[in-house]
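This report describes one protein chain in plain terms. Please keep the sequence and the model in view while reading.

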Amino acid sequence: MIHMDAEVTIIGAGVIGLAVAARLSRDISPVIVVEKHKKFGQETSSRNSEVIHSGIYYPKMSLKARLCLEGKKWLYQYCEQHDIPYRKCGKLIVACDESQVPQIQKIVQQATINGVTDARLIHHDELHELEPHVSGDFAAWFPTTGIIDSHAFMQSLERESISQGVEFAYAHEVTGIRPLRGGYEITVVQADDTPFSFTTAKVINASGLNAGKTAALAGISDKTYRQYFWKGEYFTLIHGKHKMISRLVYQAPEPDTTGLGIHTTPDTYGRMRLGPNAIYLESSIPEFSVDPSHAASFHESVRRFLPFIEPEDLTPDQAGVRPKLQKPGDPWKDFIIREERERGNPGFVNLLGIESPGLTASLSMANYIYRLLYKTNL
Ligand SMILES: Cc1cc2nc3c(=O)[nH]c(=O)nc-3n(C[C@H](O)[C@H](O)[C@H](O)COP(=O)(O)OP(=O)(O)OC[C@H]3O[C@@H](n4cnc5c(N)ncnc54)[C@H](O)[C@@H]3O)c2cc1C
């Protein structure tokens, strides 16, 4: 047995790295998390809609469908057990006219195939009982979709990990990964640019937007690992309009939409945002600006089902960037979660394309990775 400094090194302290740290450290030690920022969750994990998704859109048996459904159940249990603010507010997908009814019927069918047992179509009266200010005659209703305080969730995962012995190396960036016999040598630099190296038996690449580059550091280059960046902007509802709605409300998606369409996003503190849109970034460097002039297109997107909103009720909020595996025009892609034994990198797990529903799926994804490394049957 070759002695390694760490049994597992997790690169990235977003929600996925934290969930993996909390899960692995129940059974495994020593576990180290290396994060280039000074704190956890400074990238995609703090720039999202904080929705606990139902798992309704994805093809049955895809990783997205399986991990989302299981993750949703575990996440609600976790919130209860650890006092994390959440609200099972439910989600409506509204058909603005008759032509959109087959679309929402199809979404309910797909949800039912995926094992979402409580999805159903509702009519005008029930819709208006739930949301009196929403315009529409039919909607698909998903009562178990919810929202979570993702910061409190990540804080709890960090606390749990530390109590189970995980060491967090914040403000350390991984700059080199060298395969060794029986493990890897990891090189990190600190803020003062001093490099140092340590050894680890296993590596989890949970570095989000950077995951393709991190895989390449270990010599793994695969064209299917290329991540494409899609920005999603948000606007906050002001002038008291946030009080006119309390649930997640979407319009039936346009057939060519890359995201889920602009929708209402309540948070656990009573704020309400609209978003996210989906802007393909040509550059491989993510950027997080919100263009105030996009208020007009946001208004246009929601005007039919949220007629009480005016353009001046929207003020720019934040933006997040999705690490997708598809560029415009490409077909749907699943998460990639792969142990690279077949490429000669045993114990090295790559995670790519961890876009939505990554937050919802985080706990089940962590367990999936534990089983991938330490059990054989998935
Ligand atoms: C606009 C938008 C809306 C979304 N809405 C939802 C939603 O409502 N519900 C849902 O379930 N999911 C949602 N998601 C998806 C969800 O946010 C992500 O799946 C999840 O946050 C991914 O977490 P992560 O840990 O993989 O990545 P990140 O949070 O990006 O974490 C990766 C970490 O790795 C670190 N890192 C990178 N390179 C290095 C290195 N070399 N050395 C050290 N550290 C490194 C980074 O600093 C970062 O902290 C949304 C995403 C976006 C963009």
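The side chains of Asp97 and Arg304 form a salt bridge with an N to O distance of 2.6 Å; a salt bridge here is a side-chain nitrogen of Lys or Arg within 4 Å of a carboxyl oxygen of Asp or Glu. Asp97 sits in the loop between strand S5 (91–95) and helix H3 (101–113), and Arg304 in the loop between helix H7 (295–302) and strand S18 (314–324), so the pair ties together parts that are 207 residues apart in sequence. Helices (H or I, at least four residues) and strands (E, at least two) are DSSP runs, numbered from the N terminus. Asp97 is partly exposed at 28% relative accessibility, and Arg304 is partly exposed at 39%. Buried means under 20% relative accessible area, exposed means over 50%, and partly exposed lies in between (1.4 Å probe, protein chains only).

The model is predicted: local features need pLDDT of at least 70, side-chain atom pairs count only at pLDDT 80 or more, and totals for chains, interfaces and linings use all residues. Residues are numbered from 1 along each chain as its sequence is written, and side-chain values use heavy atoms, with hydrogens and water left out.

**Other salt bridges**

The count of salt bridges comes to 19. In one of them, the side chains of Glu7 and Lys202 meet at 3.3 Å, N to O. Glu7 belongs to strand S1 (residues 6–11) and Lys202 to strand S12 (residues 195–205), so this pair ties together parts that are 195 residues apart in sequence. Glu7 and Lys202 are both buried.

Asp317 and Arg273 also meet through their side chains in a salt bridge, at 3.6 Å, N to O. Asp317 is in strand S18 and Arg273 in strand S16 (residues 272–275), so the parts tied together are 44 residues apart in sequence. Asp317 is partly exposed at 22% relative accessibility, while Arg273 is buried at 4%. Salt bridges that share partners join Asp267, Arg271, Arg273 and Asp317 into one network.

**The chain as a whole**

How many helices and strands does the protein chain have? The protein chain has eight helices and 20 strands. Its radius of gyration is 21 Å, close to the 21 Å that the globule rule gives for 378 residues, so the chain is as compact as a globular protein of that length. That radius is taken over C-alpha atoms, and the globule rule is 2.2 Å times the number of residues to the power 0.38. The C-alpha trace spans about 70 × 40 × 40 Å along its principal axes.

Of the 378 residues, 56% count as buried. Among the contacts with a separation of 6 or more, 73% are between residues 24 or more positions apart; contact means heavy atoms within 4.5 Å.

**A buried loop residue**

Ile220 is in the loop between helix H6 (211–217) and strand S13 (228–237). Is Ile220 buried or exposed? Ile220 is buried, with a relative accessible area of 3%. Apart from neighbours within four places in sequence, Ile220 is in contact with Ala215, Tyr225, Glu340, Arg343, Asn345, Phe348 and Asn350. The C-alpha atoms of Ile220 and Gly344 are separated by 9.7 Å, although these residues are 124 residues apart along the chain.

**Backbone features**

| Residue(s) | Feature | Angle |
|---|---|---|
| Gly275 and Pro276 | cis peptide bond | omega about -15° |
| Ser356 and Pro357 | cis peptide bond | omega about 10° |
| Met61 | positive phi, not a glycine | phi about 75° |
| Ala171 | positive phi, not a glycine | phi about 60° |

Pro276 lies in the loop between S16 and strand S17 (279–281). Pro357 lies in the loop between strand S20 (348–352) and helix H8 (358–374). Met61 is in the loop between strand S3 (51–52) and helix H2 (63–82), and Met61 is exposed, with a relative accessible area of 55%. Ala171 is in the loop between strand S9 (167–169) and strand S10 (172–180); at 23% relative accessibility, Ala171 counts as partly exposed.
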